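Dear colleague,

I am handing over a structure for your attention. Please look through the sequence and the model before reading the notes below.

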Amino acid sequence: MRARAEVHQHDGLGLGVAVSHAACSAVLRHRSLGRIWTDARPVDQFASFNLLHRNSLLENEPPTHTRLRRLVAAAFGRGHVERMRPWVERLADDLVAGLADRIAAAGSADLLEHVAAPLPVQVIAELLGVPDADRGLLQPWSNAIVKMYEYDLDPRRRAEAELAATEFVAYLRELVALRRRQPGEDLVSDLVAVTDADGAKLTEDELVATAVLLLMAGHEATVNVIGNGTLALMRHRDQWERLVADRGLLATAAEELIRYDSPLQLFERTATADVEIAGFRVREGDKIAALLGAAARDPEVFEEPDRFDIGRTTNPHLGFGVGIHYCLGAPLARIEIQATLSALVRRLPRLSLAAEPARRAEFVIRGLHDLPVTSG
């Protein structure tokens, strides 16, 4: 497809799809292609889901986006990422130690269940200041809500997404109220307190939407990078052995895991004016999508793009986006991925697949249903 054209009309999805790195980058950067939120319908059945997205940093353009990002970035900039680095490293080590114990006891265990899935939820919960007793609520909420991003979702899953959004909104309103009375050393407390140069603050709806965005983006992307990436390492034993021998490759390995098997495959934009991307005309109001998995395998940008190389140094993948919507949580995600890889190669250097893992059925968010592993 890339050889024929950089952008193709996909009638099934009802939009243009960019399949080259250059075209995908242009889609993400172009100022006349924005994240223009359209309420899920019927509106009266999706009040909470729509509230979260109307007020989200990700679903708004300037000037609203500029104000929201400035405030959220100011709260993030209060040392939260570096504060959490040693905590994340201890958590990863503890989870991998638990995985090793289960393998020793049963012969195999699910790396997704015991490491990849719980780690990012615990990290975001710690970042937000969610009490330990409540952290088990977060992953089911996130899993249900993100199903709404898929195409042709059945009514039952849509209803489950709205119920999860409603429960999550109610919970976060209580947490925000608590942090107004009793500030802590957490991001919610800083989001409550932060003001910009004009004295503006986040509204409660914006604060709640920001917290939910951090969980969904931080959880879903990271769990699938760890799952997809560990599977790639298990299938490329030379690269696994290379990492075991040289932990100095952790940083480049993390980037290659993101590139090689992209956790987010497709990202949409809506035209606010007529736009042309690589010769493809997008009319005002129409949508176009960047196919990020295709961008990550473009031979014009990546040398031998189908080769898995944890030492790859030229690696301009689009996994964290580009432009004004570049992921605010990227530094924290990198810490999580590197900490997990470090713990795995240190505690389980003979890690291998115990059985063939099952892929999740979804298309937009690409990941595994399980990842059975063994050692020895």
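This is a predicted model: local features need pLDDT of at least 70, side-chain atom pairs count only at pLDDT 80 or more; totals for chains, interfaces and linings use all residues.

Strands. Strand β1, residues 7–10, pairs with strand β2, residues 15–18, in the antiparallel sense, and 4 bridges connect them. Within this pair, His-10 lies opposite Leu-15 of β2. The two strands form a hairpin with 4 residues between them. Gly-14, in the turn, has a positive phi of about 75°. Strand β2 is also joined to strand β8, residues 287–291, by 3 bridges, and these two strands run parallel. There, Val-17 has Ala-289 of β8 as its bridge partner.

Helix α2. This helix spans residues 47–54 and is mostly covered, with 6 of its 8 residues buried. The buried residues are Ser-48, Phe-49, Asn-50, Leu-51, Leu-52 and His-53. They pack against three helices: α7 (138–146), α8 (155–181) and α10 (204–235).

Helices α10 and α12. Helix α10 also packs with helix α12, residues 250–260, at an angle of about 100°, and their axes are 9 Å apart. Because angles of 65 to 115 degrees count as roughly perpendicular, α10 is described as roughly perpendicular to α12. On the α10 side, the residues in this contact are Val-225, Gly-229, Ala-232 and Leu-233, which meet Leu-257, Ile-258 and Tyr-260 of α12. By class, the contact comprises 6 nonpolar residues, 1 polar residue and no charged residues.

Yours sincerely

How values were computed
Residues are numbered from 1 along each chain as its sequence is written. Side-chain values use heavy atoms; hydrogens and water are left out. Two strands pair if DSSP finds at least two bridges between them. Buried means under 20% relative accessible area, exposed over 50%, partly exposed in between (1.4 Å probe, protein chains only). Contact means heavy atoms within 4.5 Å. Axes are lines fitted to C-alpha atoms, for helices over the stretch in contact, and angles run from 0 to 180 degrees between N-to-C directions. Angles under 35 degrees count as roughly parallel, over 145 as roughly antiparallel, 65 to 115 as roughly perpendicular and the rest as oblique. Ala, Val, Leu, Ile, Met, Phe, Trp, Tyr, Cys and Pro count as nonpolar, Asp, Glu, Lys and Arg as charged, and the others, Gly among them, as polar.
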